Amino acid sequence: MSGPRPLPRLEPDNRFFWTSGADGRLRFLQCADCATFIHPPRPICPHCLSESVAPAVVPGTGVVETYTVNHQKWSPDMAVPFIIARVAIDGAPGVILTTNIIDCPVDAIAFGDKVAVSFVQQDDVWLPLFKKAV
């Protein structure tokens with residue numbers, strides 16, 4: 001996918017996630033009381049209802065759980081086809097991130113492929129996209 005991407009609105013609860021790429025590290029909220037990882041970000045742990053949640057660094061790797069290849073050109077500057085994937089994040093049990101797999105031919109992706117985060121900066125946002133791990 002090329003060209004500018006739609007960007008999320010930066011809010012107090014999600015700003016850490018969308019700006020984490022500034023230092024190249026992937027972060028998700030983690031509960032200090034029960035250790036549950038929380039995504040999407042919210043101010044209260046859905047598991048134990050604790051308000052003691054804070055960003056925690058994870059390895060930035062994962063496994064492709066499922067994917068689809070998009071052939072629909074949703075905007076004039078969008079390059080197709082591209083891969084949309086759900087990635088199970090290593091080090092953050094239960095967190096599955098919907099993202100794009102980049103720098104990979106669409107016929108070279110498979111369920112179970114190991115991937116690593118690659119941040120793409122656009123304005124004040126660092127989008128966590130993934131590349132196949134070597």
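Which residue forms a salt bridge with Asp 113? The partner is Lys 132, and the closest N and O atoms of the pair are 3.3 Å apart. Asp 113 lies in the loop between β6 and β7, while Lys 132 sits in strand β8, so this pair ties together parts that are 19 residues apart in sequence.

The model is predicted: local features need pLDDT of at least 70, side-chain atom pairs count only at pLDDT 80 or more, and totals for chains, interfaces and linings use all residues. Residues are numbered from 1 along each chain as its sequence is written, and side-chain values use heavy atoms, with hydrogens and water left out.

**Salt bridges**

A search of the whole structure finds four salt bridges (a side-chain nitrogen of Lys or Arg within 4 Å of a carboxyl oxygen of Asp or Glu). Among them are the three tabulated here.

| Asp 23 | Arg 27 | 2.7 Å |

Asp 103 lies in the loop between β6 and β7 (114-122), and Lys 131 lies in strand β8 (residues 125-132), so the pair ties together parts that are 28 residues apart in sequence. Strands here are DSSP runs of E, at least two residues, numbered from the N terminus.

**Exposure of the partners**

Three classes apply: buried is under 20% relative accessible area, exposed is over 50%, and partly exposed is in between (1.4 Å probe, protein chains only). Asp 23 is partly exposed at 45%. Asp 103 is exposed, with a value of 65%, and Lys 131 is partly exposed at 32%. Asp 113 counts as buried at 15%, whereas Lys 132 is partly exposed at 35%.

**Thr 99**

Where is Thr 99 found? Thr 99 belongs to strand β6, which covers residues 96-101. With 6% relative accessibility, Thr 99 is buried. A polar atom of the Thr 99 side chain lies 2.8 Å from the backbone oxygen of Pro 128. Which residues are in contact with Thr 99, leaving aside its neighbours within four places in sequence? They are Ile 83, Ile 84, Ala 85, Val 87, Pro 128, Leu 129 and Phe 130. Contact means heavy atoms within 4.5 Å.

Definitions and conventions
Helix = DSSP H or I, 4+ residues; strand = E, 2+ residues; numbered from the N terminus. Polar contact = N/O pair within 3.5 Å; in protein donor to acceptor, adjacent residues only side chain to side chain.
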